[in-house]
Amino acid sequence: MAEIFYVSGLLIGLVAVAMVVPALLAASLGESAMSQIFLISAALDLFVAGGLIFGLHGRERRLKRAELMVLGILTFAVVPIFAALPLALSEQFDTLLKAYFEAVSAFTTTGATTLAQIDGVPRAIVLWRAMLEWIGGGASLLAIVLILAPARLGGTPDTPLRFVESGARTERAHILGTAVRVLPPYLLTSLVCFILLAAIGLPTFDAACLTFSTLSTGGLMPRDGTLAIYESRGVEAILGLFMFVGATSIVWQRMLMSGRWQALREYRESHWIAAAVVGLGVFFAAGFYLGIDGPSGLSVAESAWKGLITSVSVISTSGFEVREGGFAAVALPLLLAMLMLGGGGFSTAGGVKFYRLGAMLNQASGELGRLVYPHGVRGARFGSQPYDLQVMKAIWTGSMAYLGAGAVTLMLLALFGESFDQGLVAAIAALSNAGPVYSGLAAAQGWTAYAHMEPAYLSVITFAMIIGRLEIIAVFALFNPLYWRS
């Protein structure tokens, strides 16, 4: 277990170093108290991280499969404790649970918030939440490559690993080598997004926060309201483009950057995501144009534009709204189905993922064809990804685990007497890491906002956010003795 704590120390140290940025921002704005809070928090975190790193240095090795899963759970459950320290020391959160909830929400790129208003919150805290989303997005990508894909958990394909994984022997070198391969596209697209937002006149602070939230598919806003407050088609277009990037696989992005055109054509998942964005966008456009209680007054072109941006926001599980109550423009079952599906594999988006849906549809088509041609020979592929019986078992298991976790979360939330619709949306939004979708619907439907939820209710949602980020099956796998024996 020494290796697990060593790597955890590295992550805590990274979080501590990142706290210097909001501390400097607070100092530049004359908020000396807030600057001191971040610096003190950073010092305390560095003390813990240093103890773990120096105390266990030289004992690190490659982690076993079960140990990697423990590391994944600790990453998204324990690291937010240290990230929440400046939030807890500030006066913005009246309980430690809310501060921890905020940190978990940001680090798992869920984007749920217990802050009733953002405009009155110190800018350092707003920036820190956005930075946590971005750091958590990078950690999510590494968790998929280092934990889920090698173990084939939930049918996560391991074929693309040759593009991104490092083969180093020690765990430190393995993680750092993989990070060098995985994170450059994430960093590059973030930089491009920030430059484009700043170039069209968006304030630097807003451009930075929106960039962090967009590429991580977290969806936290730096100000109160929806994207409409910026009154800019350019902002919506840039965020829509990079939300789509965030929903697609980093493997696909590396292929694009390296000019592997044949591999790009065969990597079908991103094609299906684009088609789904357009298809769902049509439904949102119709809902915006027709309105819920009558004609909305929007033109066809404006409705189509807002529908497309809202669609990519839902499928990427970012949750940015371009219009108040925009998520209510389509039927709730359709909205929840697309949230549960989420984005692509090897991406920061939540949900079941498109490659699993493609595999299940491929298998269903084959089984139907077998009824007509019992002895026919058919390929089992989704684009360039082959599927065999063991992979299909894992995919169905992962999908059923997701549905089962949703049902259990809903039953636990139902104990608090809220409406069925509210509990269902809260459960799916947490498991799909799409908290702003619940916030948008809560405002439109009059449901309880995160800020006013009971502590036990928030605790259930917090746990759901963590297991949703790990795609659930990794948590269940820890209870399987075979994983520990291997």
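## Ground rules

Helices here are DSSP runs of H or I with at least four residues, strands are E runs of at least two, and both are numbered from the N terminus. This is a predicted model, with local features needing pLDDT of at least 70 and side-chain atom pairs counting only at pLDDT 80 or more, while totals for chains, interfaces and linings use all residues. Residues are numbered from 1 along each chain as its sequence is written, and side-chain values use heavy atoms, leaving out hydrogens and water.

## The overall picture

The protein has 24 helices and two strands. Out of its 486 residues, 58% are buried (under 20% relative accessible area, with a 1.4 Å probe and protein chains only). Take contacts (heavy atoms within 4.5 Å) between residues at least 6 apart in sequence: 73% of them link residues at least 24 apart.

## Around methionine 69

Methionine 69 sits in helix H4, which covers residues 65-77. This methionine 69 counts as buried because its relative accessibility is 2%. Its C-alpha atom is 8.3 Å from that of leucine 148, 79 residues away along the chain.

## Nonpolar cores

A nonpolar core is a set of buried Ala, Val, Leu, Ile, Met, Phe, Trp, Tyr and Cys residues joined through side-chain atoms within 4.5 Å. The largest one has 144 residues, and Trp128, Leu197, Tyr438, Tyr450 and Ile461 touch the most other members. Helix H8 (residues 123-151) supplies the largest share of this core, 19 residues. Another core, of five residues, lies apart from it and includes Ala359, Met360, Val391 and Met392.

Skip the neighbours within four places in sequence, and leucine 197 contacts Leu202, Ala207, Leu210, Thr211, Val235, Ile238 and Leu239.

How values were computed
Buried < 20%, exposed > 50% of the residue type's maximum accessible area, 1.4 Å probe, protein only.
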